[in-house]
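Student: I have a protein structure open and I would like to learn how to read it. Can we go through it feature by feature?

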Amino acid sequence: SHHDDDEGSFHYYGRGVPLALDGLPLANGATAQQHNAVTFAKPGQPTAVVECFRSTKAADYVRARVAPRGFCSDPMYVDGTHRSGWERQLVLVKADRPGGVEYLVVKDTTCGPDACQWNMDVLSRRPAPAKSGRVWFPGHPDRGFGMGLEAIVLEPFAARIEFEKGWVNEALLSARGRRELAKGKGGSGIHLMWTVTEHWLMHIPAPAGSTFVVVLFPRRADEMAPVVRYLEREETMEVAHSEGRDLIFLRPTAMVDTSIGGAIFQGRAGIVRERHGRRSAQALDAARLELADHPDRKIREL
């Protein structure tokens with residue numbers, strides 16, 4: 001019975017560093033827009049049902065439906081007027097070695113009559129202004145951090161991206177205050193020993209029925225930025241980085257197959273990885289994923 005409007009949210013530690021964390025105000029009662037979730041014009045969040053989870057060496061995948069009437073009781077929706085919900089898909093692309101390239105792909109598909117908004121809270125200094133759908137969060141230089149986060153917004157196209165400086169419990173700004181909080185004299189009682197507290201919220205407001213596709217790529221400022229290409233019609237992306245290239249399928253239906261970049265795919269989710277000139281395929285949620293013997297390596301939009 002947790003009513004903090006955070007259904008469907010997540011915490012993300014990128015390459016061992018806390019980056020996009022849910023509930024960073026560090027106090028109870030955070031608004032829905034302060035969580036890493038999709039929100040709607042009407043208050044409250046529906047319950048969620050996890051429909052698929054798969055863990056593999058190449059990537060982890062989860063798909064959940066966060067929609068009204070997901071269970072027999074929706075405490076936040078008791079007035080019976082809520083009709084909007086969303087499907088969340090997460091693909092965690094794993095590194096081959098500790099400290100290697102890893103990143104998170106988020107795809108959220110909304111439904112219903114209410115305007116929606118995509119939200120994320122990042123433990124970082126002020127982000128750089130968004131350019132062509134890319135946002136650079138520099139992170140923090142303190143010991144144990146030293147990792148930034150690049151957010152690459154693929155959908156909605158030319159999205160309006162807004163920023164808001166996150167609130168911090170004043171008691172967390174001093175050692176004495178953190179000690180007092182630890183004794184149970186206020187606050188949420190979590191992360192009380194953090195000395196790094198500055199965080200920024202990223203919002204993407206959008207009309208009803210929008211789809212959000214965002215790549216969250218952790219890297220240091222001196223490391224190569226990923227090159228991302230998105231095939232809107234096929235709902236498939238190519239991510240090129242310093243260690244290789246990935247082709248990620250996140251499709252709305254398993255009924256229609258597609259052939260892209262030398263891979264034949266039919267299903268909801270899958271990944272083709274290229275490392276050191278060798279390719280491998282992993283069907284995360286798919287009936288078919290095959291690699292051609294002589295792939296056409298150049299992706300062309302039809």
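Student: Which residues is Met 202 in contact with, leaving aside its neighbours within four places in sequence?

Tutor: Its partners include Trp 118, Met 120, Phe 137 and Ala 151. Val 135, Val 153, Ile 161 and Phe 163 are also among them. So are the residues Asn 119 and Glu 162.

Student: How do I judge whether a strand is enclosed? Take strand β8: how many of its residues are buried?

Tutor: Count the residues under 20% relative accessible area. Strand β8 covers residues 116–122, and seven of the seven are buried, so the rest of the structure largely encloses it. Then check each face. On one side, Cys 116, Trp 118, Met 120 and Val 122 are buried. On the other, Gln 117, Asn 119 and Asp 121 are buried too.

Student: Which strands pair with β8?

Tutor: Look for bridges, then for direction. Strand β3 (residues 38–40) pairs with β8 in the antiparallel sense, over three bridges. There, Val 38 stands opposite Trp 118. Strand β12 (residues 200–206) pairs with β8 over seven bridges, again antiparallel. In that pairing, Val 122 stands opposite Trp 200.

Student: Where can I see a hairpin?

Tutor: Go to strands β18 (residues 263–275) and β19 (residues 278–291). They pair in the antiparallel sense over eleven bridges. Two residues lie between them, and the two strands form a hairpin. In the turn, His 276 has a positive phi of about 55°. Glu 274 has Arg 279 in β19 as its bridge partner.

Student: What about cysteines? How many disulfides are there?

Tutor: The test is a pair of cysteine sulfur atoms within 2.5 Å. By that rule, the count is zero. Cys 52 is buried, at 14% relative accessible area. Cys 116 has 4% relative accessibility, so this residue counts as buried as well.

Student: Now a lysine. Is Lys 165 buried or exposed?

Tutor: Exposed means over 50% relative accessible area. Lys 165 has 52%, so this residue is exposed. Lys 165 lies in strand β11 (residues 162–165). Beyond its neighbours within four places in sequence, Lys 165 is in contact with Glu 198, His 199, Trp 200 and Leu 201. Sequence distance and spatial distance are separate things to read. Lys 165 and Pro 127 are 38 residues apart in sequence, and their C-alpha atoms are 9.8 Å apart.

Student: How does the whole chain look?

Tutor: The protein chain has one helix and 19 strands. Of its 302 residues, 52% are buried. Take contacts between residues at least 6 apart in sequence: 62% join residues at least 24 apart.

Student: Where is confidence lowest, and where is it highest?

Tutor: Average pLDDT for the chain is 86, and 86% of the residues score at least 70. Helix α1 (residues 175–182) is lowest, at a mean of 77. Strand β13 (residues 211–219) is highest, at 98. Where pLDDT is low, predicted coordinates should not be read in detail.

Technical notes:
Residues numbered from 1 in each chain as written. Predicted model: local features only at pLDDT ≥ 70, side-chain atom pairs only at ≥ 80, totals over all residues. Heavy atoms only, no water. pLDDT = per-residue confidence, 0-100. Helix = DSSP H or I, 4+ residues; strand = E, 2+ residues; numbered from the N terminus. Buried < 20%, exposed > 50% of the residue type's maximum accessible area, 1.4 Å probe, protein only. Contact = heavy atoms within 4.5 Å. Pairing = 2+ DSSP bridges.
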